[in-house]
Amino acid sequence: MVASHEGRIGPTVKPVIFSTESAQPGGHVEAWREWFYPIFDISAGSGERADFVAKNKVWDIGGILLSGASAPATHVTRGKLNISRAPVDHWVITYNRCGVTTIASDRSALRARAGIPFLWSLGEKTTSERSSVDRLQLMIPRDLFRDIAPLLDASRNSALDNPLGRMLGDYMLFLETRLDSIAWEDLPRLRDAVRGMIAACLAP
């Protein structure tokens, strides 16, 4: 139902949801890999079983994506072939509610613990080892942040371990709880608010 001048609320934002539980028995890891390919190549961590239960929810906030995922341990790569087949160069802000991520590029490496957001880029080759995690990610297009692009590029593969960085992590948690109640017609304003919050927390 479309919103009217009488105050009725229109259709709300709903996520795209994928779960490996919908896959055939024994095919959970392959289903998870196919869900993310060609952006990433994913394999299960050592010792993970065939009943690899993982779930991903993705909301589109006017071009900014919020992704929530829970998954067992994985090894994730974004190599030259991935970049050529999926040439997106978004920055990514990851917040692990639980679990640890170790991510390395040609220029640096980072071990990110739970509770501290960290920034990395889909525009460069990366390799990461992830423990069993429950995480949120904001994927932000470059054209929305041209004014602070040099800062973001300089801060790739770094932890946002400061008061504003931790506030951004809290904001990501808040967004996840509220997005399903946001009406479609309010998305432009929400996107601008999210952009402003990211810029405020990342700018020097």
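A residue is called buried here when its relative accessible area is under 20%, exposed when that area is over 50%, and partly exposed in between, using a 1.4 Å probe and protein chains only. By that definition Leu66 is buried, with a relative accessible area of 0%. The model is a predicted one, in which local features need pLDDT of at least 70 and side-chain atom pairs count only at pLDDT 80 or more, while totals for chains, interfaces and linings use all residues. Residues are numbered from 1 along each chain as its sequence is written, and side-chain values use heavy atoms, with hydrogens and water left out.

Leu66 is found in strand E4, where helices (H or I, at least four residues) and strands (E, at least two) are DSSP runs numbered from the N terminus. If neighbours within four places in sequence are left aside, the residues in contact with Leu66 include Val58, Trp59, Leu136, Leu138, Met172 and Leu175, contact being defined as heavy atoms within 4.5 Å. Between Leu66 and Ile93 there are 9.6 Å in space, C-alpha to C-alpha, and the two are 27 residues apart in sequence.

Strand E4 (64-71) is also among the elements that cover the buried residues of helix H5, and others in that cover include strand E6 (91-98), strand E11 (133-140) and helix H4 (163-178). Helix H5 comprises 16 residues, 187-202, and reaches 22 Å from its first C-alpha to its last, close to the 22 Å expected at 1.5 Å a residue; the expected span is 1.5 Å times one less than the number of residues. Its buried residues include Leu187, Leu190, Val194 and Cys201. Cys201 counts as buried at 9% relative accessibility, whereas Cys98 is partly exposed at 38%. A search of the whole structure finds zero disulfides, a disulfide being a pair of cysteine sulfur atoms within 2.5 Å.

In helix H1 (residues 28-36), the buried residues are His28, Ala31, Trp32 and Phe36. They lie on the same side of H1 because they cover an arc of only 125° around the axis, the arc being that of the directions from the helix axis to the C-beta atoms. The cover over these residues includes strand E1 (16-19), strand E2 (41-44) and strand E5 (74-78). In the loop between H1 and E2 lies Pro38, which is joined to Tyr37 by a cis peptide bond with omega about 10°.

On a 1 Å grid over the protein atoms alone, a cavity is a set of points where a 1.4 Å probe fits but cannot get out, and a pocket is an open set with protein on both sides within 12 Å along at least five of seven lines; lining residues have an atom within 4 Å of a point. Grid points are joined across faces, edges and corners, and a volume is the space filled by probe spheres set on the points. The largest pocket has a volume of about 280 Å³, and H1, E3 and E4 are the elements that give two or more residues to its lining. Of the 15 lining residues, Phe36, Ile39, Val58, Leu65 and Met139 lie nearest the centre of this pocket. Phe36 and Met139 also line the largest cavity, which holds about 40 Å³ of space.
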